[in-house]
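Here are a few exercises to work through with the model open beside you. Try each task before you read its solution.

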Amino acid sequence: MASLTETQEKPKIKIYSWWRSSASARVLITLHLKGLDYEYKEINILKGDQFTPEFKKISPRSFVPVLVDGDVVITESTAIIQYLEERYPQPSILPPQGEFQKRALHYQVASMINASMQPFINIQVLKYIEEKVGAEERIPWAHIYFKKGFSALENLLKEHSGKYAIGDEVGMADVFLAPEIDGAVKLFNLDMNEFPLLKKLSDDTYHQSKPFLDAVIQSQPDA
Ligand SMILES: N[C@@H](CCC(=O)N[C@@H](CS)C(=O)NCC(=O)O)C(=O)O
């Protein structure tokens, strides 16, 4: 007979998110790919919701996304996605154990976007540029860092892409790539024709796939 705890419903995963946040979208895509149900909690970055003492208790750096899964509370999209992969391994978003090169490529793409692109285009950096240099420099600044990152990714993925960024299976690289491209186009008006491989992935794969469509900018309840 099932014990009381087995029959009790597990509390739903909560995700604190903001519709324009590419880091949040990575987590939302992962939740959709894994078929995990979640409750969406809006943190409006423009209104300053991230700085309330209540939110700071769960997000010491005042950033979205934050994932709450029962007693587990995590910030940083990479850590959240690693947690989801370990806690809910099927379906996996990584190639099988032992496929060292392929798994490392997924980590590489994730890290290139998370550490070498997005921080330069973070809202706090853009605000600083606007205040210290001028509002007209905001978009050109963002374009520089999108272009540096996308050029490197375009070159890297030429060797490895299939239907998805790495081969024909969806994975962590796509989870990071799709919202970065989406944000660049929709929020910063970047012309992706310079990056034909990335454009094709976005148009022909991500924009045709429900887990990605359900997690992109315009699908969020607070958009
Ligand atoms: N490395 C962090 C980046 C998170 C991040 O930059 N979040 C932005 C939105 S995309 C944010 O919450 N910004 C609030 C602010 O700048 O005040 C992650 O991957 O979760």
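Helices (H or I, at least four residues) and strands (E, at least two) are DSSP runs, numbered from the N terminus. Keep in mind that this is a predicted model, where local features need pLDDT of at least 70, side-chain atom pairs count only at pLDDT 80 or more, and totals for chains, interfaces and linings use all residues. Residues are numbered from 1 along each chain as its sequence is written.

**Exercise 1. Work out in which order the strands of the open sheet stand, and how they pair.**

Step 1: Two strands count as paired if DSSP finds at least two bridges between them. The open sheet has 4 strands in the order β2-β1-β3-β4, with mixed pairing.

Step 2: Look at the edges. β2 (38-42) and β4 (72-75) each have a single partner strand, so one side of each has no neighbour in the sheet. On average, neighbouring strands are turned by 15 degrees against each other, direction ignored. (Axes are lines fitted to C-alpha atoms, for helices over the stretch in contact, and angles run from 0 to 180 degrees between N-to-C directions.)

Step 3: Go pair by pair. β1 (residues 13-17) runs parallel to β2, joined by 5 bridges, and Ile15 has Tyr40 as its bridge partner in β2. Then β1 pairs with β3 in the antiparallel sense over 3 bridges, with Tyr16 opposite Val66. Val66 also has a bridge partner in β4, namely Thr75; β3 and β4 are antiparallel and joined by 4 bridges.

Step 4: Check the turn. β3 and β4 make a hairpin with 2 residues between them, and Gly70 in that turn has a positive phi of about 65 degrees.

**Exercise 2. Find where the two cis peptide bonds sit, from Val64 to Pro65 and between Gln90 and Pro91.**

Step 1: From Val64 to Pro65, omega is near 5 degrees. Pro65 belongs to the loop between α3 (53-58) and β3 (66-69).

Step 2: For Gln90 and Pro91, omega is about -10 degrees. Here the loop is the one between α4 and α5 (100-116), where Pro91 lies.

**Exercise 3. Describe what surrounds the ligand, and why the ligand shell lies between two domains.**

Step 1: A residue is near a molecule if its C-beta atom, placed from the backbone, lies within 6 Å of it. There are 16 residues around the ligand, the closest being Ser21, Ala23, Phe63, Ser77 and Gln124.

Step 2: Trace the helices. α2 (22-33), α4 (77-87) and α7 (123-132) each supply at least two shell residues.

Step 3: Domain bounds come from an automatic or database domain assignment. Both domain 1 (4-87) and domain 2 (100-219) give residues to the shell, so it lies between them.
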